[in-house]
Amino acid sequence: MAREITVRDALREALREEMDSNEAVVLMGEDIGAYGGSFVVTAGFLDEYGRKRVIDTPIAELGIVGSAVGMAMGGMRPVAELMTINFSLLAMDQIVNHAAKMYAMFNGQFTAPVVIRTASGWGQLAATHSQTFEGWYAHVPGLRVVMPATPADHKGFMKAALRGNDPVMFIEHSLIYRNRGEVPDDDDFTLPMEGAEVRREGEHVTIASWSRGYYLAMAAAEELASEGIECEVIDMRVLRPMDTATVAESVRKTNRLVVVEEGWKTLGVGSEISAAVQEQAFDYLDAPIERVGSLEIPVPYNRQMERAVFPDKDTVVEAVRTVLAKDINTANV
Amino acid sequence: MASTKKSRTKGFPLEKDDLLDMYRQMCLIREFEEACAQQYSMGKIAGFLHLYIGEEAIAVGSIKAMEERDHVLTHYRDHGYALALGLDTGEVMAELFGKETGVTGGRGGSMHLADASKNFWGGYAIVSGHLLLTVGLAYASKYLDEDRVAVCYFGDGATNAGAFHEAMNMAAVWNLPVIFMCENNLYGMGTAVEHVSAVQEMAKKALAYDMPAMQVDGQNVTEMYEKTKEALDHCRSGKGPYFIEALTYRFRGHSMADPEQYREREEIDQYRAYDPIPLFRDRLIEEKVAKEDELEKIQKAAREEVEAAVKFADESKDPDLDTLGDFVYADPITIK
């Protein structure tokens, strides 16, 4: 059996179920208790689980992650929440130099299975509150980086992260918390944190994206389908370890690829996917890979300006048309 | 960890066996570090090598006061703690040689010794980062009701970094069993304390967090023992964290790469008069705890142990390159 719920409720269910089944699971972060969480994911948890397990921390991201890593080494299962991914930069040292190194540097003696929840996103919040940094973390061996789109993935990954033994960067998106989808009715529902998923089959072009970008890709595919253009949409879901083989396999069928991300294209996740696909399926590409990303400027506050920075459905549709119009076997490249 | 017998040797807080064991450990660390310097110059040890010479009394005295279940985390000048905690001398030396038999299999080297079975969670090389890990381990100890105190060692240099202040505040606000053990050796790498810290006495920094603090003579091993014990009792009784500033001096450069142009020879000589090992030896003889030849025997045994350790390290194999991908992830990855 399955129910249709929102991303937010999928997260709430995952956290609640794991807290109920494992005393070692605790939540910690800024304003997650009395305030209920900036994105209302943990509302009510303080009353239910108490101050010992729902810990309102100082506004000190380095301290939040560092102490969570220590708690994980000490046998606990902390979920460290960083209000937005912009603030995760203050915790970079603990994420990259500590959490990601603990298992290897000490020769496998101990692990630091900390789950770091954070949210990407934007909404007239200006330059320092509108950034997209999943690629920075996906660059680092030792971390697992998930950036799910569907409610089922949010729930299945969160539960898997809390039962696994590696540090996990769990990146949400502030603009998809209300998106709905089916989630299995099963307290033990978990999903392995690896592998991309083909969510929509199509023969003309492959669109690879993740998180909110996946929804843009699906919307673009719907629109293009009315014109007879069939897009194959791949939800990357996990950025480390990244499953580029599924994208390459799709490209062997469609011969064309559009990669959609909300971050800056330069040295972005899309660059990595593009490089991997040309390594694995160079002979199958009929057109240069098209990359969609945001404008490479500090994000402005003004609504019109901000809209112009980030990709939307129309940008993706346009990229698909571009990749279809080009053909490396003809002169119109 | 001191023996449990109640008897005490006159003038000392411990009985003879423990006193001589501390003397043995200090000699072992000194011999070990001297051998490291030699092996480094012979090219057997590479990378950064930070010696603990002159500061031995801090690790030895404070660790003697702890229980085996207590957690220890340190900065990268970490050989002394490893030996005081009883890690095998040969395996520690083998780690410095980067060998398979090393305590961290040749993956960590000098700065990242660890032994989880002894609750020694490692030496860390990002200044002040491990203070936060200590706070987390203390939280776990309290949460899981384990009665363990978490002790972190760090230098005066770490107290100017953000992580230090976040750790101090969190430990205090959550009332955690943490001992912040600051080894003030007057220099953060090659920069004198007065140029980089608004206060010269590190213990004052605890005031901002309403945390009890004391200054201890870090060259006096029995004082280190006694004062650490007081702090441990404080933490164990649920009163929250404690800050200890151990006053000390590093007799050698920051690392083997240090030309030491920032301090005068005279200053070093002046502090060498406070070498913790002869100071302790003289007291042991003066108070008739041990005779000179007994202490000489201990010293000689330490030297032999280190010689054997160097031989063991030298004869050990390099790690197998086939293991390069091990320990990156604890759970399997199946995708290609």
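## A quick tour of chains A and B

Let's start in chain A, where seven strands make an open sheet in the order S3-S2-S4-S5-S7-S6-S12, with mixed pairing. This is a predicted model, in which local features need pLDDT of at least 70, side-chain atom pairs count only at pLDDT 80 or more, and totals for chains, interfaces and linings use all residues. Residues are numbered from 1 along each chain as its sequence is written, while chains are lettered from A and ligands numbered from 1 in the order in which they are written.

**The sheet in chain A**

- Its edge strands are S3 (54–56) and S12 (238–240) of chain A, each pairing on one side only. Two strands pair if DSSP finds at least two bridges between them; strands (E, at least two residues) and helices (H or I, at least four) are DSSP runs numbered from the N terminus.
- On average, neighbouring strands here are turned by 20 degrees against each other, direction ignored.
- Inside the sheet, S2 (residues 25–29) and S4 (residues 77–82) of chain A pair in the parallel sense over five bridges. Leu27(A) has Val79(A) in S4(A) as its bridge partner.
- Helix H3 (residues 61–73) of chain A packs on the sheet and touches S2, S4 and S5 (115–120) of chain A; the direction of H3 makes about 170 degrees with that of S4(A). Such angles run from 0 to 180 degrees between N-to-C directions, and axes are lines fitted to C-alpha atoms, for helices over the stretch in contact.

**The sheet in chain B**

- Chain B has an open sheet of six strands, ordered S2-S1-S3-S4-S8-S7, and the pairing is parallel.
- S2 and S7 (213–217) of chain B are the edge strands, and each pairs on one side only.
- S7(B) runs parallel to S8 (residues 242–247) of chain B, and five bridges join them. Across that pair, Ala213(B) has Phe243(B) in S8(B) as its bridge partner.

**Where the chains meet**

- On the chain B side, 38 residues are in contact with 38 residues of chain A. Being in contact takes C-beta atoms, placed from the backbone, within 7 Å of each other.
- The elements giving two or more residues to this side of chain B are strand S2 (120–123), helix H5 (129–143) and helix H6 (162–173). H5(B) supplies the largest share, eleven residues.
- By class, the side of chain B that touches chain A has 21 nonpolar, twelve polar and five charged residues. Here Ala, Val, Leu, Ile, Met, Phe, Trp, Tyr, Cys and Pro count as nonpolar, Asp, Glu, Lys and Arg as charged, and the others, Gly among them, as polar.

**H5 and H6 of chain B**

- The axes of H5(B) and H6(B) come within 7 Å and cross at roughly 15 degrees. The two helices are therefore roughly parallel to each other (angles under 35 degrees count as that).
- Residues of H5(B) including Leu131(B), Val135(B) and Ala138(B) take part in the meeting with H6(B), where the residues involved include Phe164(B), Ala167(B) and Met170(B).
- Their contact has nine nonpolar, two polar and one charged residues.

**A closer look at Tyr124(B)**

- Tyr124(B) sits in the loop between S2 and H5 of chain B.
- Tyr124(B) is buried, with 26 other C-beta atoms within 10 Å (20 or more count as buried, with C-beta atoms placed from the backbone).
- Beyond its neighbours within four places in sequence, Tyr124(B) is in contact with Leu73(B), His75(B), Tyr76(B), Gly129(B) and His130(B).

Definitions and conventions: Two residues are in contact if their C-beta atoms, placed from the backbone, lie within 7 Å. Angles under 35 degrees count as roughly parallel, over 145 as roughly antiparallel, 65 to 115 as roughly perpendicular and the rest as oblique. A residue is buried if 20 or more other C-beta atoms lie within 10 Å of its own, exposed if 12 or fewer, and partly exposed in between; C-beta atoms are placed from the backbone.
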